Amino acid sequence: MPNLPEPQAFYVAVPLYEKFKLNNINYGDLLRIHFFQGPLDAYCPDCGRESVFSGLRELPSAIPKINNSVSVSPKSLEELLEHEMVMISEDGRTYSTVNLKEYALADKTIINRFVCSRDASHHFDFVLKNQNGLFQKIGQWPSIADLQKNDIKKYQKILGPEKSAEFTKAIGLSAHGIGIGSFVYLRRIFEDLIESAHKEASQEQGWSDETFYKSRMDEKILLLKDYLPSFLVENRVIYSILSIAVHGLTEQQCLENFEPVKLAIEIILDEKIEKQLKEEKESVARKALSAIKSQFSGR
Ligand SMILES: [Zn+2]
């Protein structure tokens, strides 16, 4: 099982139901997530753009020394972590003193709210759960797919309508704890990148489809290296990860590996977008230059 992530990544990128093991060492990192006050950088669907959110959860009171009944209000989580005992209340009236570590690791369900810095009526809600030594996010609003809409929009043009719908599905499935299914969609997107490069390459003289179809995927990528983003060629192992994932990994392993594989695919798409922009600019410049040249050609 993976280590507990940073709070920012936990809230905006970790899929629901991905499990993290709790122990006597990582309880501080757990509290950093439980009591994260921000800044949380995320796309705000209500603003329609990126914004900064802050968490509303208040820290419990801390007890400076064992057997001391005077509590203090820590100003930050790091200050809270310097104490061994905290004072908590279930009902807001009666208080009990508990060990901070036991308090952090105890079974519980937490609802955390974050508000948008532009408008306090825009908010995110997250439901977190500690149970039997495991920690997971079991609910969130808006969904991860909604939070990542901005990213998806960026790739719509390069992917086309069909593949960008599949990219959205991959993100949505992983966000809901369906790991293997999400990898099937990522693999389809990857295969489509290869196929469009193949179509381009097959126009060239001397290209042999016979050799191409006989080759394994990593060999195909090398044959197409002039038509593919360099990151893909260098990291052609992605395809074997995608294939192994679909056939040989558990749901949990797929969920854990979804984010890095998605990131790799995004880098490949970024490179394609950049290349397209460069080609568009070059074509505009070429036309403009030849128009200038023809203006002067009579002189
Ligand atoms: Zn907002």
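**Notebook: strands, domains and a helix pair**

I started at Asp 125 and found its bridge partner in S9, Trp 141. My numbering runs from 1 along each chain as its sequence is written. This is a predicted model, where local features need pLDDT of at least 70, side-chain atom pairs count only at pLDDT 80 or more, and totals for chains, interfaces and linings use all residues.

Next, the strands around that pair. S8 (residues 123-131) and S9 (residues 134-141) pair in the antiparallel sense over seven bridges. I noted that pairing needs at least two DSSP bridges between two strands. Strands (E, at least two residues) and helices (H or I, at least four) are DSSP runs, numbered from the N terminus.

Then I looked up the whole sheet: it is open, has six strands in the order S1-S9-S8-S7-S3-S2, and its pairing is antiparallel. S1 (20-21) and S2 (40-44) stand at the edges with a single partner strand each, so one side of each has no neighbour in the sheet.

On to domains. The chain has domain 1 (7-143) and domain 2 (148-286), with bounds from an automatic or database domain assignment. Their centres, taken over C-alpha atoms, are 37 Å apart.

Last, which helix did I check against H7? It was H6 (residues 149-175), whose axis comes within 8 Å of that of H7 (residues 179-201), crossing at roughly 155 degrees. I used axes fitted as lines to C-alpha atoms over the stretch in contact, with angles from 0 to 180 degrees between N-to-C directions. That makes the two helices roughly antiparallel (angles over 145 degrees count as such).

Notes: Angles under 35 degrees count as roughly parallel, over 145 as roughly antiparallel, 65 to 115 as roughly perpendicular and the rest as oblique.
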